[in-house]
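Please look over the notes below on the charged side-chain contacts of this model.

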Amino acid sequence: MKVDACVMDEDLLTIGAFSRATLLSPKALRGYHESGLLVPAVVDARTGYRGYTRVQLGDAGVIRALRQLDVPLPEIARVLAARDPVETRAVLAHHRDRMREQLARTEAILGEVDSLLTDPSTLTRHAVAERDEPALPVLARTGSCREVDFAGFIGDSIPRLMAVLGRQEVAPAGPLGALFPAEFSDDPADVTVYLPLPAGVEVRGGDGCAALTLPAARLAVVTFVGPYAELSEGYRSLGAWLAGARVPVAGPVRESYLIGPGDGEPESAYRTEIGWPLGRPERNES
């Protein structure tokens, strides 16, 4: 039988009454309970009914206010645990910076959408060049992950690769690079992060890294200048070029990070080469 009374005990509110008093749905309150963010004062072992104290009305108000600002739950937990205005201001200052970054990203996306809808030249904004790339010895780390996790995997691989080379006193012979599947997928896919090796130098692997050789290839190359979030512009230019050239992609796509986060330059100055290995030209049959 459902309990409709507002008070389970002298100082306890049922989840229904607490929900109405805090403007938080029972579903949300159950979620906050499961996550440990707002644990009921009492949970009846027999019925499972939750009871909340009057003091918890304040905590619920904090949660509701901060969720309206989209503050992540772990940061709200920090605020509730500290109960310190200084900590609260620090959390909100960090969140404000994140919101400003998101606003800038939103403006950039809107500008990209406007350009794609109104300016056909956007598709060919970046020049494409063909280049013969010789076989390249590299130290590499390969893993399977989703597109949203590519950046994290690359960031985790860099210190591993550098440490393996450092222990053998070998300096990279070129900029960091990565291999991505020729076909995009929402499913996990193999990604290889690598550092070029000096010619003739043998390097031992370790910590998930291994020496290998990238095969020689003829590449269609675009050099994109700008933040990684806008790298899709370069891919579109390559796609437009490939459509006209009637040449298939013949292997993993290569990215080479000529200027990146570790070079002390702003994102607008990042310089990335995108190379698509080319197969044999398609022939028109009469």
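1. R98 is partly exposed, at 27% relative accessibility. On this scale buried is under 20% relative accessible area, exposed is over 50%, and partly exposed lies in between (1.4 Å probe, protein chains only). The model is predicted: local features need pLDDT of at least 70, side-chain atom pairs count only at pLDDT 80 or more, and totals for chains, interfaces and linings use all residues. Residues are numbered from 1 along each chain as its sequence is written, and side-chain values use heavy atoms, with hydrogens and water left out.

2. R98 forms a salt bridge with E75, at 3.2 Å from N to O. The term means a side-chain nitrogen of Lys or Arg within 4 Å of a carboxyl oxygen of Asp or Glu. R98 belongs to helix α5 (residues 85-118) and E75 to helix α4 (residues 73-82), so the contact ties together parts 23 residues apart in sequence. Helices here are DSSP runs of H or I with at least four residues, strands are E runs of at least two, and numbering starts at the N terminus. E75 is buried, with 11% relative accessible area.

3. A salt bridge also joins E87 and R78, at 2.5 Å from N to O. E87 is partly exposed at 21%, and R78 is partly exposed at 40%.

4. D132 and R218 pair with their closest N and O atoms 2.8 Å apart. This links strand β5 (residues 128-133), which holds D132, to strand β10 (residues 217-225), which holds R218, across 86 residues. D132 is exposed at 54%, while R218 is partly exposed at 36%.

5. The structure has eleven salt bridges. R141, D156, R160 and D207 are linked in a network of them.
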